[in-house]
Amino acid sequence: MDVKIADSWKEKLHAEFDKPYFKDLVEFVKEEYQSHTVYPPGSQIFNAFDKSPFDQTRVVIIGQDPYHGAGQANGLCFSVADGVRIPPSLRNIFKEINEDLGKEIPKSGNLERWAEQGVLLLNATLTVRAKTAGSHQNKGWEEFTDAVIRAISDEKENVVFLLWGKYARNKGQIVDRDKHHVLEAPHPSPMARGFVGCRHFSRANEFLKSKGLPEVEW
């Protein structure tokens with residue numbers, strides 16, 4: 001698999017790549033791609049780390065699993081490839097941006113434009129078997145993405161963490177809240193209530209601006 005990852009992330013995570021659990025994870029993932037349909041495409045597994053280098057990351061959004069439908073996942077949490085119907089959770093995210101910032105709802109659900117501004121769109125699990133939600137959980141990805149969050153928390157400051165839903169809030173417990181700005185809300189899924197109205201997008205930008213950092217063009 002032709003995996004792309006920014007050099008700054010390779011430097012931060014090289015010790016993780018050498019650990020026994022990660023080597024076991026790589027073997028598992030390779031076998032899954034060879035014997036099943038797995039998403040996202042192999043070249044996009046680390047897309048979040050390719051598009052948002054460590055040194056440029058200023059906002060982190062934590063998701064759980066990649067989408068498991070055909071052609072949806074592109075390696076960025078909540079994001080879908082161009083031309084794919086916008087999923088319900090992402091529709092609610094766009095609705096909140098519209099109400100919070102007055103921005104028009106986009107026709108594409110591809111969030112690469114956020115990633116390229118330093119928004120790390122991090123799923124806790126980076127791969128999934130087609131039509132089988134959660135199929136690659138507890139194989140090592142969660143340990144790896146905890147290490148990612150810990151590296152940001154320990155080695156950077158003034159990063160905004162957007163934690164939506166119980167899973168993301170639990171995963172974000174390791175963030176140093178004295179150094180970073182953490183905003184929590186219910187999950188944007190239509191099954192949950194309370195996300196719309198959280199104003200996380202304007203609040204994130206207000207914090208970044210207060211620290212002399214560039215705002216995100218949501």
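Biologist: Glu206 has its side chain in a salt bridge, so to speak, with a partner; which residue is that?

Modeller: This is a predicted model, where local features need pLDDT of at least 70, side-chain atom pairs count only at pLDDT 80 or more, and totals for chains, interfaces and linings use all residues. Residues are numbered from 1 along each chain as its sequence is written, and side-chain values use heavy atoms, with hydrogens and water left out. A salt bridge here is a side-chain nitrogen of Lys or Arg within 4 Å of a carboxyl oxygen of Asp or Glu. At 3.8 Å, N to O, the side chain that meets Glu206 is that of Arg199.

Biologist: Which residue joins Glu206 and Arg199 in one network?

Modeller: Glu206 is partly exposed at 47% relative accessible area, and Arg199 is partly exposed too, at 40%. (Buried is under 20% relative accessible area, exposed over 50%, partly exposed in between, with a 1.4 Å probe and protein chains only.) Salt bridges that share partners bring Arg199 and Glu206 into one network with Asp100.

Biologist: How many salt bridges turn up in the whole structure?

Modeller: One of them pairs the side chains of Glu16 and Lys19 at 3.3 Å, N to O. Glu16 is buried, at 11% relative accessibility, while Lys19 is partly exposed, at 35%. Searching the whole structure gives a count of ten.

Biologist: How many residues apart are Glu32 and Arg129?

Modeller: Their side chains meet in a salt bridge at 2.9 Å, N to O. Glu32 sits in helix H2 (residues 20-35) and Arg129 in strand E4 (residues 128-129), so to get from one to the other you count 97 residues.

Biologist: Which elements do the buried residues of H8 pack against?

Modeller: Helices (H or I, at least four residues) and strands (E, at least two) are DSSP runs, numbered from the N terminus. H8 spans residues 200-210, and its buried residues are His200, Phe201, Ser202, Ala204, Asn205, Phe207 and Leu208. Counting contact as heavy atoms within 4.5 Å, those residues pack against strand E2 (59-63), helix H4 (88-101), helix H5 (112-115), strand E5 (160-164) and strand E6 (181-185).
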